[in-house]
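Please open the model in a viewer and follow the stops below in order.

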Amino acid sequence: MEIPLVLRIQVIGDFFNFEFKKVENHTSKKHSIFSNKDSKYYKNLNKIKKVNSFHNYSILDIDDNFIVSAKSNDNEIEAIEHKKLKIFGQMWHTE
């Protein structure tokens, strides 16, 4: 599998004109994520159980060109991927 272009969801969302919403309890926290079995990156995403979160906004919804790759335990979108293009976005910090 070729490696996708990995970006912060905010960059992808801004480019594709997604709406954002304010969220609570995602700043300076570690929280669980749950991977979507339909994600082409499920095998790798499923290995990640907790993420380092530093954001106050989340994507409200995505369009039909994307799927949600992972969500948080409070059902916020944490990762998305484009269905055809090699674009993947995540909300968590890798450090």
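Predicted model: local features only at pLDDT ≥ 70, side-chain atom pairs only at ≥ 80, totals over all residues.

Helices (H or I, at least four residues) and strands (E, at least two) are DSSP runs, numbered from the N terminus.

Residues are numbered from 1 along each chain as its sequence is written, and side-chain values use heavy atoms, with hydrogens and water left out.

Buried residues (under 20% relative accessible area, with exposed over 50% and partly exposed in between; 1.4 Å probe, protein chains only) make up 41% of the 95 residues.

Now select Lys21 and Glu76. These residues form a salt bridge, with the closest N and O atoms 3.2 Å apart; the term requires a side-chain nitrogen of Lys or Arg within 4 Å of a carboxyl oxygen of Asp or Glu. Where in the chain do Lys21 and Glu76 lie? Lys21 is in strand β2 (residues 20-22), whereas Glu76 is in the loop between β6 (66-72) and β7 (77-82), 55 residues apart. Lys21 counts as partly exposed because its relative accessibility is 29%, while Glu76, at 11%, counts as buried. A search of the whole structure finds 1 salt bridge.
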